[in-house]
Amino acid sequence: MRYQIDGTPLPVVTCYLNPGETMLTESGAMAWMTPNMKMETTSGGFGKAIGRMFSGENLFQNRYTATGGEGMIAFASSFPGSIRPMEIAPGKEVIVQKSAFLASESSVELSVFFQKKLGAGIFGGEGFIMQKLSGQGLAFVEIDGHAMEYELAPGQSMVIDTGYLAAMDASCSVDIQSVPGVKNALLGGEGLFNTVVTGPGRILLQTMPISAVASVLRRYFPAGK
């Protein structure tokens, strides 16, 4: 499979599939495709479907297979930002924010990921449930705004404001820490808690979380609307 990512600030990834190759995507993510792309809607099993629902995805996924020659299919971003390719392999699983999954090769599996620490799930900004990409192959994820990448050494940490964590290697761990000082917490405008990610592993941060955009826009709408 070949691919090309174009467009700013609403990018699209165009995938060129060899005959018989299959792409997996969330229902409704396809933007355009050649006529020889055959679509099949599947749940992948009841347990996997329920897990996807809890992780912010639809119960069903679509499989697109190139038939009778090379096929082309495009997946467009749903929010201003970036589309990032990620190579998934055994031992190189990736954890992403809810609804970040865009599309992948059929050998990549999307499943639910529960935060091991309850506090990190409740207060960490991305909720108790995230998404896990495992298996083998290429996956594409949506990033809100511009993506900043950091490689954390073992024991090295990054303190992240709510919602700015887009993805991390499964080797990283997530915890929370309260903002020190009552005045800082109540008047600083940064909330009561921050997310702390500790290496080893790579993290992807996003500059424009959709939750932050919604919070800014909310003040411009009349109350009760």
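Thr25 touches Gln61, Asn62, Tyr64, Phe75, Phe101, Leu102 and Ala103, leaving aside residues up to four places away in sequence; contact means heavy atoms within 4.5 Å. The model is predicted, so local features need pLDDT of at least 70 and side-chain atom pairs count only at pLDDT 80 or more, whereas totals for chains, interfaces and linings use all residues. Residues are numbered from 1 along each chain as its sequence is written, and side-chain values use heavy atoms, with hydrogens and water left out.

Thr25 belongs to strand 3 (residues 22–26); strands (E, at least two residues) are DSSP runs numbered from the N terminus, as are helices (H or I, at least four). With a relative accessible area of 0%, Thr25 is buried (buried is under 20%, exposed over 50%, partly exposed in between, with a 1.4 Å probe and protein chains only). The Thr25 side chain reaches the backbone oxygen of Leu102 at 2.8 Å.

Asp169 is part of strand 16 (residues 165–169). Asp169 is also buried, at a relative accessible area of 17%. Its side chain reaches the backbone nitrogen of Arg202 at 2.8 Å. Beyond residues up to four places away in sequence, Asp169 touches Glu93, Val94, Gly201 and Arg202.

On the surface, Val216, Leu217, Tyr220 and Phe221 form a nonpolar patch with about 440 Å² of accessible area together. In such a patch, residues have over 30% relative accessible area and no salt bridge, and nonpolar side chains (Val, Leu, Ile, Met, Phe, Trp, Tyr) are joined within 5 Å; a salt bridge is a side-chain nitrogen of Lys or Arg within 4 Å of a carboxyl oxygen of Asp or Glu. Accessible areas come from the Shrake-Rupley method with a 1.4 Å probe. Val216 lies in helix 4 (residues 210–218) and is partly exposed, with a relative accessible area of 39%.

Notes: Polar contact = N/O pair within 3.5 Å; in protein donor to acceptor, adjacent residues only side chain to side chain. Patch = residues over 30% accessible without salt bridge, like charges linked within 9 Å, V, L, I, M, F, W, Y side chains within 5 Å.
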